[in-house]
Amino acid sequence: MAIIINLDVQMAKSKISLTELAQKVDISLTNLSLLKTGKVKGIRFDTLEALCRILKCKPGDILDITDAE
């Protein structure tokens with residue numbers, strides 16, 4: 001199984017740029033970019049909560065899982 005990060009989809013729905021989201025969540029642009037592209041090993045719950053608050057979504061809207069390995 002693999003975790004899929006749909007942050008770009010939620011950003012498009014909210015019409016928010018990576019730079020603007022990084023500033024609102026108080027996370028570095030580099031770290032947010034790595035998260036968006038799925039090149040991270042984990043995410044802090046407070047970061048996920050902040051993303052959901054700003055993007056007005058639920059954690060399941062950002063994170064998904066697939067059966068592919």
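Predicted model: local features only at pLDDT ≥ 70, side-chain atom pairs only at ≥ 80, totals over all residues.

Reader: How do α2 and α3 pack, and at what angle?

Author: Two packed helices are described by the angle between their axes and the distance between the axes. Axes are lines fitted to C-alpha atoms, for helices over the stretch in contact, and angles run from 0 to 180 degrees between N-to-C directions. Helices (H or I, at least four residues) and strands (E, at least two) are DSSP runs, numbered from the N terminus. Here, helix α2, residues 18–25, packs against helix α3, residues 29–36, at about 115 degrees, and their axes are 9 Å apart. The two helices are therefore roughly perpendicular to each other, given that angles under 35 degrees count as roughly parallel, over 145 as roughly antiparallel, 65 to 115 as roughly perpendicular and the rest as oblique.

Reader: Which residues of α2 and α3 make the contact?

Author: Contact means heavy atoms within 4.5 Å. On the α2 side the contact is made by L18, T19, L21 and A22, and on the α3 side by L29, L32, S33 and K36. By class, this contact of α2 with α3 has 5 nonpolar, 2 polar and 1 charged residues, where Ala, Val, Leu, Ile, Met, Phe, Trp, Tyr, Cys and Pro count as nonpolar, Asp, Glu, Lys and Arg as charged, and the others, Gly among them, as polar.

Reader: And how do the axes of α2 and α4 cross?

Author: The axes of α2 and α4 cross at roughly 120 degrees and come within 10 Å. That makes α2 oblique to α4. In this contact, L21, K24 and V25 of α2 meet T47, A50, L51, I54 and L55 of α4, and the residues divide into 6 nonpolar, 1 polar and 1 charged.

Reader: Which residues in α4 are buried, and what covers them?

Author: Buried means under 20% relative accessible area, exposed means over 50%, and partly exposed lies in between (1.4 Å probe, protein chains only). In α4, the buried residues are T47, L48, A50, L51, C52 and L55, and what covers them includes α1 (7–14), α2, α3, α5 (59–62) and β2 (63–66). Consider L48, which is found in helix α4, residues 45–55, and which counts as buried at 7% relative accessibility. Once neighbours within four places in sequence are left aside, L48 is in contact with I43, P59, I62 and L63. T47, also in helix α4, is buried with a relative accessible area of 16%, and, with the neighbours within four places in sequence again left aside, T47 is in contact with V25 and I27.

Reader: Is Q10 buried or exposed, and what is Q10 in contact with?

Author: Q10, found in helix α1, counts as buried at 8% relative accessibility. Leaving aside neighbours within four places in sequence, Q10 is in contact with L55, C57, D61 and I62.

Reader: How many disulfides does the structure hold?

Author: A disulfide is a pair of cysteine sulfur atoms within 2.5 Å. The structure holds 0 disulfides. C52 is in no disulfide, and the nearest cysteine sulfur, that of C57, is 4.1 Å away, which is too far for a bond. C52 is buried, with a relative accessible area of 9%, and C57 counts as buried at 13% relative accessibility.

Reader: What is phi of K15 near, and what is phi of K56 near?

Author: Phi of K15 is near 55 degrees, a positive value in a residue other than glycine. K15 has its place in the loop between α1 and α2, and at 76% relative accessibility K15 counts as exposed. Phi of K56, likewise a residue other than glycine, is positive and near 55 degrees. K56 follows α4 and lies in the loop between α4 and α5, where K56 is exposed, with a relative accessible area of 74%.

Conventions: Residues numbered from 1 in each chain as written. Heavy atoms only, no water.
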